[in-house]
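Visitor: I'd like a close look at one part of this model, please. Could you start from a single bridge and work outwards from there?

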Amino acid sequence: MQRYNGGIKSPKCLLLCMQALQILRAHALRQTKCRVEVLQYFLRASQAQTHADLEASLPAYDRVTLYRTLNTFEQLGILHRVMDETAVLKYALSQRKAPHAHFRCERCQTTTCMDVAVPAIALKPGYEVHQQALLLTGICPHCSQAGAARAQLRAEV
Ligand SMILES: [Zn+2]
Ligand SMILES: [Zn+2]
């Protein structure tokens with residue numbers, strides 16, 4: 001099987017491709033074109049992504065291939081599931097080791113991984129915790145800046 005060069009077009013692209021290949025190497029995964037492109041997509045994304053987002057951005061691959069790729073990455077801990085209040089499952093790169101908080105913006109509807117660890121919660125004996133999630137909702141910096149700029153414009157008129 002030929003190695004894939006990631007479809008390198010620019011230095012930024014090259015950097016993402018190198019990072020993607022490094023992740024695959026670190027997990028002893030075969031370097032397929034689909035895996036490299038999916039990883040590049042997540043490396044580029046600053047927010048959690050749905051399967052539909054992925055499908056729309058990588059139309060060259062069918063649903064099943066993308067599902068399989070996501071599953072592999074999730075099982076190996078390369079990606080993690082992001083739970084937010086929407087019913088749609090989202091994924092993000094697992095660059096933060098510990099369970100961390102997520103922020104859901106009510107305005108632009110994005111969900112972002114936060115550099116904030118989920119605090120340890122002590123439960124009574126008998127409870128076995130399998131998953132711990134902390135979701136914060138509100139307005140993201142991008143939207144609050146846009147709101148402030150609009151208010152300023154109105155004040156100036
Ligand atoms: Zn927002
Ligand atoms: Zn996250």
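In E5, which residue is the bridge partner of histidine 100?

Guide: It's alanine 117: that residue in E5 is the bridge partner of histidine 100. Before going further, a word on the ground rules. This is a predicted model, in which local features need pLDDT of at least 70 and side-chain atom pairs count only at pLDDT 80 or more, while totals for chains, interfaces and linings use all residues. Residues are numbered from 1 along each chain as its sequence is written, and chains are lettered from A and ligands numbered from 1 in the order in which they are written. Helices (H or I, at least four residues) and strands (E, at least two) are DSSP runs, numbered from the N terminus.

Back to your bridge. E4 and E5 are antiparallel partners, joined over 4 bridges; two strands pair if DSSP finds at least two bridges between them. E4 covers 100-105 and E5 covers 111-117, with glutamine 109 in the loop that links them. That hairpin has 5 residues between its strands, and within it glutamine 109 takes a positive phi near 65°. Most residues other than glycine have a negative phi, which makes the spot worth a second look. Glutamine 109 has 12 C-beta neighbours inside 10 Å and counts as exposed. For reference, a residue is buried if 20 or more other C-beta atoms lie within 10 Å of its own, exposed if 12 or fewer, and partly exposed in between, with C-beta atoms placed from the backbone.

Now to the other neighbour of E4. E4 and E6 run parallel, and 5 bridges join them. Arginine 104 has threonine 137 as its bridge partner in E6. Put together, that gives an open sheet of 3 strands in the order E5-E4-E6, with mixed pairing. E5 and E6 stand at its edges with a single partner strand each, so one side of each has no neighbour in the sheet. From one strand to the next, the twist averages 30° (axes are lines fitted to C-alpha atoms, for helices over the stretch in contact, and angles run from 0 to 180 degrees between N-to-C directions).

On the way from E5 to E6 (134-138), the loop holds isoleucine 121. Isoleucine 121 is exposed, with 9 other C-beta atoms within 10 Å. Cysteine 34 is 87 residues away from isoleucine 121 in sequence, and their C-alpha atoms are 39 Å apart.

Then there's helix H5, residues 141-156. H5 is hardly covered, with a count of 0 buried residues among its 16.

There's also another sheet to compare with yours. It is open too, with 3 strands in the order E1-E3-E2 and antiparallel pairing. Its edges are E1 (49-50) and E2 (79-82), each with a single partner strand, so one side of each goes without a neighbour in the sheet. E1 pairs with E3 (residues 90-93) over 2 bridges, and glutamine 49 stands opposite tyrosine 91 in E3. Helix H4 (residues 63-75) lies across E2 and E3, at about 100° to E2.

H1 (residues 11-26) packs against H2 (residues 33-44) at an angle of about 115°, with the axes 9 Å apart. On the H1 side, residues including Leu16, Ala20 and Ile23 meet residues of H2, among them Val36, Leu39 and Leu43 (two residues are in contact if their C-beta atoms, placed from the backbone, lie within 7 Å). Between them, Alanine 28 sits in the loop from H1 to H2. Like glutamine 109, alanine 28 is a non-glycine residue with a positive phi, here about 55°. Alanine 28 is exposed as well, having 7 other C-beta atoms within 10 Å.

Zooming out, the protein chain has 5 helices and 6 strands, in the order α-α-β-α-α-β-β-β-β-β-α from the N terminus on. Its C-alpha trace spans about 60 × 60 × 25 Å along the principal axes. Buried residues make up 21% of the 157.
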